[in-house]
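Let's walk through this structure together, from the overall make-up to a few single residues. Please keep the sequence and the 3D view side by side as you read.

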Amino acid sequence: MKIKFLKAFNGDAILISFKENGETRNILIDGGMPATYVKKGKNGKLEYGELKKTVDKIKENNEKIDLLVLTHVDDDHIAGVLNWFEKDEEAHSYIGKVWFNSGRLISEYFDEEENKDNFLTFNPDETTLTSIGQGVKFEDYIETKGTWDRHIVTALEYFEYLGIKFKILSPSPDKLKLLLGKWEKEEPESLDTSAEKNDYDFTLSEHIASDKFK
């Protein structure tokens, strides 16, 4: 089994690859910021991020992302996936199934009205890297395309899929309840993560030895 942390700026994108009966399986956990897939550079040319490079490699190998796990809707976790779906009309065909505790599912779980402020939308016809106004509801898209494994995932559940066992550590029902509220975007300046320009290439030992951890 190989675990690769994609460069996701101040977010997360993790690729887990392994063999099942001789066949390569891929699990993607989150997709980082929009630039994790692609962004416009200073000269106006597109700059491909690690998510796009990874997806392209998976396609070249005649593989797919057998499981896409979206942990929550913060931009630094899901925006790269939204960008991918927006730019690649065939994205869904390279995904086996999606685990996603959407606002709709959480509302159904607690039998409460869905907060429309939490709707995730994207425009599959969008070709420029501008903010997305109106578009396709993300939940409707993954459900229509047949990729959404439409059930709530909660702590301490066990799943067997792709020949391996999953034990879910989070979220608890209390944490799910918090997701019913409107998500407030965090300011990038408030994030103490690996987004700093000079630390991505540091080794783990170098990080531990740095002043940040003393």
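Helices and strands here are DSSP runs, numbered from the N terminus: helices are H or I with at least four residues, strands are E with at least two. What you are looking at is a predicted model, in which local features need pLDDT of at least 70 and side-chain atom pairs count only at pLDDT 80 or more, while totals for chains, interfaces and linings use all residues. Residues are numbered from 1 along each chain as its sequence is written, and side-chain values use heavy atoms, with hydrogens and water left out.

Let's take the chain as a whole. Its secondary structure comes to six helices and eleven strands. Of its 214 residues, 40% count as buried, where buried means under 20% relative accessible area, exposed over 50%, and partly exposed in between (1.4 Å probe, protein chains only). Contact means heavy atoms within 4.5 Å; among contacts between residues at least 6 apart in sequence, 61% join residues at least 24 apart.

Now for the sheet. Two strands pair if DSSP finds at least two bridges between them. Five strands form an open, mixed sheet in the order E1-E2-E3-E6-E7. Strand E1 (2–5) and strand E7 (95–100) are at the edges with a single partner strand each, so one side of each has no neighbour in the sheet. From one strand to the next, the twist averages 15°. Angles run from 0 to 180 degrees between N-to-C directions, and axes are lines fitted to C-alpha atoms, for helices over the stretch in contact. Strand E6 (residues 65–70) runs parallel to E7, and five bridges join the two; in E7, Val98 is the bridge partner of Leu68. Lying across E6 and E7 is helix H2 (residues 75–87), which runs at about 130° to E6.

On a 1 Å grid over the protein atoms alone, a pocket is an open set of points with protein on both sides within 12 Å along at least five of seven lines, and a cavity is a set where a 1.4 Å probe fits but cannot get out; lining residues have an atom within 4 Å of a point. The second largest pocket is lined by 24 residues, with Ile29, Val69, Thr71, Ile168 and Ser170 nearest its centre. Strand E3 (23–29), E6, E7, strand E11 (164–167) and helix H5 (173–178) each give two or more residues to this lining.

E10 and E11 run antiparallel, joined by four bridges, and Tyr161 stands opposite Ile164 in E11. The two strands form a hairpin with two residues between them, and Leu162 in the turn has a positive phi of about 60°. Is Leu156 buried or exposed? Its relative accessible area is 61%, so Leu156 is exposed. Beyond its neighbours within four places in sequence, Leu156 is in contact with Lys167 and Ile168.

For contrast, look at Thr54 in helix H1 (residues 50–60). Thr54 counts as buried because its relative accessibility is 12%. Leaving aside neighbours within four places in sequence, Thr54 is in contact with Leu6 and Leu15.
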